[in-house]
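Let's take a walk through this model, one chain at a time. Have the viewer open and follow along.

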Amino acid sequence: MQKDNLILSIRNLDISFQTNAGAVHAIRGVDLDLHRGETVAIVGESGSGKSVSMKAVMGILDKNSVVNHGEILFTYQENGISKTVDILKMDRKTIRHTINGRHIAMVFQDPMTSLDPTMSVGKQIIEGMMLHEHIGRREALERAVSLLDMVGIPEPEKRIKNYPHQLSGGMRQRVVIAIALACDPDVLICDEPTTALDVTIQAKILELIKKIQADMGISVIYITHDLGVVAKVADYVNVMYAGNIVEKGMIDEIFYDPRHPYTWGLLSAMPDLDTNDERLYAIPGSPPNLMHERPGDAFAPRNIYALNIDDRLMPPMFRVTDTHYAATWLLHENAPKVEMPPELKERILRMKKEAER
Amino acid sequence: MRRYIIKRLLISIGTIFVVILLLFILLQLMPGSPFNDEKLNVDQRAALYEKYGLDQPLIIQFFKYVGNMLRGDFGVSYTISKNTPITQLLQTRLPISLSIGGEAVLLGAVIGLILGIVAAIWHGTVWDTIATIVSVIGVSVPSYVFALALAYVFGYQLNWFPLLYDMKIPLQSSVLPSIALCMFTIASIARFTRSEMLEVLGSDYILLAESKGVYGPKLIVRHVLRNALIPIVTVLAPLIVGLMTGSLVVEKIFSIPGIGSLLVTAIQSNDYNVVIVLSFIYSAMYIGIMLVVDILYGVIDPRIRLSKEGPHD
Amino acid sequence: MTDMQNNAYISFLPGDFELKGAENTKLDMNFASQRFWKEAAMRFRKNKGAVFSLITILLVILLAIFGPMISPYTYQQQNIKQTNWAPRVQGLENLGIFDGSESLKTSTGTKLKNAYVVDKETGAKNDTYYWFGSDALGRDIWTRTWTGTRVSLYIAVVAVLIDMLIGMSYGLISGYFGGRVDSVLQRFAEIINSIPTLVIVTLLMLIMKPGLMTITIALMLTGWIGMSRIARAQMLKLKEQEFVLASHTLGATNFRVIFSEILPNIIGQLITNTMFSIPNAIFTEAFLSFVGLGIPEPMCSLGSLISYAFKSFTTHPFQIVPPVIVLALLMLCFNMLADGLRDALDPKMKEM
């Protein structure tokens, strides 16, 4: 991926929340890149900080959040000229006017709660349009109808007047996507867009997003905890744990050659109909309490391959290939040779064979 | 939607019916008869009974009673003002109470809304704390304490407004009582508005609106208020009750000749016909307002206004 | 920390790169599961308003119990020669306040009067003290205020407790039996709810003479509905879970199971609801007494005291102050306490 194709670049993002019980250090130094036309996935358990980092990009962080340091550089075209801004340095009003909806749009997780129940579907779609572009109401509504058509909603002229509660979950999510696409954004951030939907609908929505991406040339960031989704859509994967990115690489690299024990855990935990295994593997323990600052690697307490140094120092990113990096001391030259668990090896072999077919 | 309105209407009518029934039973249970004047002999009493239909079977009396109540033929007062038709007593008093009550509701609602919105938008700042304190005080401190304080400061010491209600200057006389009454309304509405708005502000669809680029007043008015106000309508009914009880006290303090003071006098002098009639009026008002609120709620909230169509995906 | 291979800046210890061994993996002691009540108590303590209210309420209760005892007067003792005397407190009178003097507004101007003065020339005062002053019949307001507080509190607490019991039982039964029983009971409750409290109370006043019992019953009749809704909701929710289990077990009445499941779930809301209902009850009683439908003389409650003092409002305003302050304090504090309890027992996690 060439450097000039880089449209979003997050560097060293560090965010805390002030709560009644203390400060929660939610994001602890995140680096992330997005290139034009790419689909990047951010994978991790709940509480790993996936949504928070993207909320920072959108400028919709909660009021009690503090950005300790970092920069979010976004490059876009305005009147034919290329502009690069640091979103963290902008005030909310400017972000709303220039970025939100226009260049970066977001699809939220729960379609049942993300639409305003007192506003018709059509009005919600054109709201962004009327804000950002100089078009008349009628023209906007026409565009809304074609958007609804594009996202696969039958009888769009009738649906324009409907209220959210009159639509099913899958339809509502399509409407949310239509809203996001209303102003032709450059980047689409999807925060677990299919988690709240039935499995059958999930596949359709994913296909829809893929199709839109191909047609409109949008770059997409997927936030998900489901590796199955990642396998279907992503070009590049970032694995997050406890506010850090612990491994990142091209999709083949992550799935066929994972290096971080956490990624091993995630891959092993994917339910798979083909295993003869009787046990369903799950990573022991639960995600750490982000109010506690623990020296060293945050994953160490749950990591059966932890080294003593993991209790002292946090591992830096080690290079596996030009595109593949993992933050684990196991990749240090002094580290013992540790291989992924045999069941995982088997599974990966099986996956490879499947893919070749 | 239509089904919703009809259902509510039927329930309201049914409830009023039950209320009248209860009142009727009570009336029958009252010791003595309307004409328990020892000066009457048996024949005279029998003649009077026949004249007023009191010798007929209870069921018939009941239906007559229902008819009378609904028509506004309330009978006469027995002790407060012997044999005066109650409607006459009500003629002057009802409008006074209604006007003061109405002023209190309007004033209270407007101020309360503003306070609540301010508290929610500037949540966590000084304004929020101030608004919350005012609300808590308004809800906890009884209206008559306010009335007393207002009467003392503005009526007695400063002499800006009359201490006692004067029929000749109804507008001025109603200022202090309205303010005293509306404190509770202000506080309740402010509190509720604040909490509803805060809840809406934390919801997903506000986040989505922001991610579209909606900001500032447009966000507040179109998205937040529109959603937060719906449940506030439901607070109106208990508020009316609060006003009813408050009015009794306020009327006593400022010597207002309204239906509140009439009720008190009636109870004290055992004029149960008046009491029953006033009970009916209060109940009817309350039930009526609840019905209006219910219908209003149905109109405002599109989820109730439009029936759900089947899923199509 | 994303620098690659910058080992040169990091000093390594011997043994760094040895496996800790799977046995050493300690599962993170995360959110140490504290007991529900401990957490709730912690949250409550942080709410300064609620804590302050709790302390104030306890103070008031203490004064209500001991106030009349430490006073030389009883609540009905009258002294016709000492009517409408202003407050006079030993010790404080030397500071110039509460020294028995009051300013009277007359047509000629304000006049300073002190009823305790025996000798007009020397200004020497007699030996009597009325801490809150005396009323129109020469009764000590201090004693009467605290006695009245006792009565008001008693009525409120009794009424509310019985309300909670009735409400809980009503709701549990309605939810337990479900079906037709539930519909009927709910309709009935709805109808009662549609009649304003005022009406029910006045009708009751009509049937029974005003008095302590009457007021208590009046309060009881109207406050139970809220609690019954909560209890019913819980019962309905648990019916789904428990009865499925029940059909597999002995099939005996699962009353005990239900109670051990439901009670813990509603106790939080029970307490909160109770705390909210108490100021309501106090207010209703005070209001009734104020309009003259409450406690008969010489017994006193806060409301009747206010009502009585109202008559001399313009001439001796000090008389109305103590009961009004106590009443306002009680209501304010119970409301804040209830607010604090509700937040402590059922927090809305908005910060995360």
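Chain B has 13 helices and zero strands, where helices (H or I, at least four residues) and strands (E, at least two) are DSSP runs numbered from the N terminus. Reading along the sequence of chain B, you get α-α-α-α-α-α-α-α-α-α-α-α-α. Keep in mind that this is a predicted model, in which local features need pLDDT of at least 70, side-chain atom pairs count only at pLDDT 80 or more, and totals for chains, interfaces and linings use all residues. As for labels, residues are numbered from 1 along each chain as its sequence is written, while chains are lettered from A and ligands numbered from 1 in the order in which they are written.

How is chain B packed? Of its 313 residues, 39% are buried (20 or more other C-beta atoms within 10 Å of the residue's own, with C-beta atoms placed from the backbone). Take the contacts in chain B with a separation of 6 or more: 73% of them involve residues 24 or more positions apart. Here, a contact means that the C-beta atoms of two residues, placed from the backbone, lie within 7 Å.

Now zoom in on one helix pair. In chain B, helix α4 (residues 86-121) and helix α11 (residues 259-268) pack at an angle of about 125 degrees, their axes 8 Å apart. That makes α4(B) oblique to α11(B). The axes are lines fitted to C-alpha atoms, for helices over the stretch in contact, and angles run from 0 to 180 degrees between N-to-C directions; under 35 degrees counts as roughly parallel, over 145 as roughly antiparallel, 65 to 115 as roughly perpendicular and the rest as oblique. From α4(B), the contact uses B:Leu89, B:Leu90, B:Arg93, B:Leu94 and B:Ser97, and from α11(B) it uses B:Ile259, B:Gly260 and B:Leu262. By class, that contact has five nonpolar, two polar and one charged residues; Ala, Val, Leu, Ile, Met, Phe, Trp, Tyr, Cys and Pro count as nonpolar, Asp, Glu, Lys and Arg as charged, and the others, Gly among them, as polar.

34 residues of chain B are in contact with 30 residues of chain C. On the chain B side, α1 (2-29), α5 (126-140), α6 (143-157), α10 (236-253), α11 and α12 (272-300) each supply at least two residues. The largest share, eight residues, comes from α12(B). This side of chain B divides into 26 nonpolar, seven polar and one charged.

Technical notes
Buried ≥ 20, exposed ≤ 12 C-beta atoms within 10 Å, placed from the backbone.
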